[in-house]
Amino acid sequence: MYDDQYGLTGRPFQLTPDPKFWFDTATHRKAMAYLGYGLSQGEGFVVITGDPGVGKTTLMGHLLGEIDRERLNVIKIVSTQLRPEDLLRLVCQGLGIDSASLNKAEMLGAIERGLHTVARTGRRTLVVVDEAQSLPIESLEELRMLSNFQAGGYPLLQIFLLGQPEFRLTLSDPRLEQLRQRVIAMHHLEPMQADEVEPYLIHRLSCVGWRGKPRFTNDAVAAIHRWSGGSPRRVNQLASRVLLFGAVEELETFGAQELAMVIADLNDDTPLSAYRPTPAPAPVAPPAPQPAAEPYELTDVAPMPMGAPVPPPQPVNPVPLRAAAAEVPAGDPVQQRIAELEAQVRDQDEALRRVLGLLVDWVEQGEGNGRRPDLSAVRGNAA
């Protein structure tokens, strides 16, 4: 409908990935550099991750459109919950192998022979797995085992993995340590920056014969970036609705007001998402502070600078027995027992001082003269 209104030869903002609309943002340019580096190495794994709609599939379509198919045999797999055997059957299919009657061991042998056959034609084999976050750990391990196939010391297979951000968490699993060691490049696709949205819109329109109509004001472009969060798919979703609105209303220029109307309609049609903020909850009074019951952690201790003097321990002043006895009523048996203990402590303290004095004298007079301190007084008191 809006194709006729604006004289376009096609739909510029279709949601289906199409490599002919490839737009070179900064993050996509970096991803292409990593993929190119991976192809030049001819081995291992290259991992590209990103949120839904940032252009992973378009990126790979653009790459495969640029490579020389006479030198590379590409096997594309769109992953679901593929078990290892199902994954091997898809690889067999990509190599032209009929695996219907083969068990796992036979499939592995057939895949190795198929890779050698491709290599003898002067080509390498590249397996591209999209939506890799859906693959079980066992299937990822099966891919790693396939990467072991070699001929004359050269790998026969290279693997590109495309997945959503959670795929990075999958790769952190300890069971995939050997696979991680074979990842030669990894990149996370980011959303478009605000200053990339307008060139993106113009590029897509130009691919279908744009001649200046429609036009977007700066405020409209800013509104598109805010609502979409920079996701190319979300930009396409909004821009397509804007053009439809413009065709109905016969508009050629879109500003902030027109964008606000279309965004309001979209928000009514779609559930809340990460790009549409949820209403702020009503303020809740904070609960009354409770005594801390959390265990002590080392992170609570402030570090001491190296070389700083260690402060001496502070003396602890125990409560004197007399003070404790003063709190006990007169005639109480407890008071009498405290008095007895206090007298005993004084006697023991006096005996200890005598022993220490004798030992000091002994050391000063010389241990080698055979003299021994007179401990009879101490023994008598102790008795």
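Predicted model: local features only at pLDDT ≥ 70, side-chain atom pairs only at ≥ 80, totals over all residues.
Residues are numbered from 1 along each chain as its sequence is written, and side-chain values use heavy atoms, with hydrogens and water left out.

**Exercise 1.** Work out which strands are joined to strand 3 by bridges.

Solution. Begin with strand 3 itself, residues 124–130, a strand being a DSSP run of E with at least two residues, numbered from the N terminus. Six of its seven residues are buried, that is, under 20% relative accessible area with a 1.4 Å probe, protein chains only. Next, strand 2 (residues 72–78) runs parallel to strand 3 and is joined to it by seven bridges; in this pairing, which requires at least two DSSP bridges, Val 74 has Leu 126 as its partner. Finally, strand 6 (residues 157–163) is also parallel to strand 3, through five bridges, and there Leu 157 stands opposite Thr 125.

**Exercise 2.** Describe the place of Gln 14 and what the residue touches.

Solution. First, Gln 14 is found in the loop between helix 1 (2–6) and helix 2 (26–41), helices being DSSP runs of H or I with at least four residues. Its relative accessible area is 17%, so Gln 14 is buried. Then, leaving out residues up to four places away in sequence, Gln 14 touches Phe 21, Arg 204 and Asn 236, where contact means heavy atoms within 4.5 Å.

Note on methods. Buried < 20%, exposed > 50% of the residue type's maximum accessible area, 1.4 Å probe, protein only.
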